[in-house]
Amino acid sequence: MGFDVSILGFGDNVVDRYEHLGVMYPGGNAVNVAVYARRLGAARSAYMGIFGTDEAAEHVIGSLVDEGVELVRCRQELGENGASSVTVEAGERVFLGSNQGGIRGRTRYVLDRFALEYVRGFDVLHTGSYCFTERELPLVRAAGVPVSFDFSEDSVDAYVEDVAPFVDFAFYSAEDEAGDEVVGERLRWLCSLGPGIAVVTRGERGSVAFDGDRFFEQPIKPATTVRDTMGAGDSFIASFLLGYLDACKRGEARDEAVVRALDGAAAFAAEVCGIEGAWGHPKRFA
């Protein structure tokens, strides 16, 4: 399987420390999307961001190299890498806290003319609400590269209103939303701010996409084995972007492309639930 799509993850990289196991796994929304895209057969998959200089940073870098993700525009800054503490209860991840991105949260990645020239080489750039990349999005939009953005559950309306005008594909999780009417209103609101397509994942209730005109519902796919749901949302995003953009390149009708992309994304997310950590690569820590 392969996709004629190049994708760039821009922003966060972390280690997820599983405190109950004493094991850390590489992760982060932007990193995860890049890795999953690579595994799915993207024509090109890269990550651009800031690493620290500690053991955690080296583990993430080494794991990304092993996965074949392009890292040529990354930087290392003296300090601790981004890290979060998690545990797993009944297969569901539970976040215990984080260091707010470590050095990455204090040293922002500025897109100069040379970095923007690199960005122009991709079909889509993916980032999210924990990536500290919001102020760079107008430059990406001006460079003509579509932006995919993962809004978090705690993204307040004012934040969404500031960011969404520079986003083409908006994603968010609504596992605790009240019902279909609330989800529909939220998707309409998101698309009214700028994104051409907005997608919500709803846990066991599947996903819904809205393209400004029509709603598309996708039930979940059964997971053969559920070891860890870490990365399920990011794998859904990576698969959807690849499937949709590849179909559009092949001249497929937009409605058909959305339907096909949602189906493939649901299947891949179910598969990822069988992986420990977001995408494996465990390492013990003291």
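Me: What volume does the largest cavity have?

Reply: The largest cavity has a volume of about 50 Å³. On a 1 Å grid over the protein atoms alone, a cavity is a set of points where a 1.4 Å probe fits but cannot get out. Grid points are joined across faces, edges and corners, and the volume is the space filled by probe spheres set on the points. This is a predicted model, in which local features need pLDDT of at least 70 and side-chain atom pairs count only at pLDDT 80 or more, while totals for chains, interfaces and linings use all residues. Residues are numbered from 1 along each chain as its sequence is written, and side-chain values use heavy atoms, with hydrogens and water left out.

Me: Which residues line the largest cavity?

Reply: Lining residues have an atom within 4 Å of a point. Here they are Phe10, Gly11, Gly49, Ile50, Arg104, Thr107, Arg108, Tyr109, Cys131, Phe132 and Thr133. Strands are DSSP runs of E with at least two residues, helices are runs of H or I with at least four, and both are numbered from the N terminus. E1 and strand E4 (42-51) each supply at least two residues of this lining.

Me: How many of the lining residues are nonpolar, polar and charged?

Reply: Ala, Val, Leu, Ile, Met, Phe, Trp, Tyr, Cys and Pro count as nonpolar, Asp, Glu, Lys and Arg as charged, and the others, Gly among them, as polar. The lining divides into 5 nonpolar, 4 polar and 2 charged.

Me: How many aromatic pairs are there in the whole structure?

Reply: Rings of Phe, Tyr and Trp (its six-membered ring) pair if their centres lie within 6.5 Å; planes under 30 degrees apart count as stacked, over 60 as edge-to-face and the rest as tilted. The search finds 12 aromatic pairs. Phe10 and Tyr109 are edge-to-face, because their planes stand at 85°, with the centres 5.6 Å apart. Phe10 lies in strand E1 (residues 3-11) and Tyr109 in the loop between strand E7 (92-98) and helix H3 (113-119), so the pair ties together parts 99 residues apart in sequence.

Me: Is Phe10 buried or exposed?

Reply: Buried means under 20% relative accessible area, exposed over 50%, and partly exposed in between (1.4 Å probe, protein chains only). Phe10 is buried at 0%, and Tyr109 is buried at 8%.

Me: Where does the charged end of Arg75 sit?

Reply: A charge sits over a ring if NZ of Lys or CZ of Arg is within 6 Å of the ring centre and within 35 degrees of the ring normal. The charged end of Arg75 sits over the ring of Tyr109, 5.1 Å from its centre.

Technical notes:
1 Å grid on protein atoms, 1.4 Å probe; cavity = no way out; pocket = protein on both sides within 12 Å on 5 of 7 lines; lining within 4 Å.
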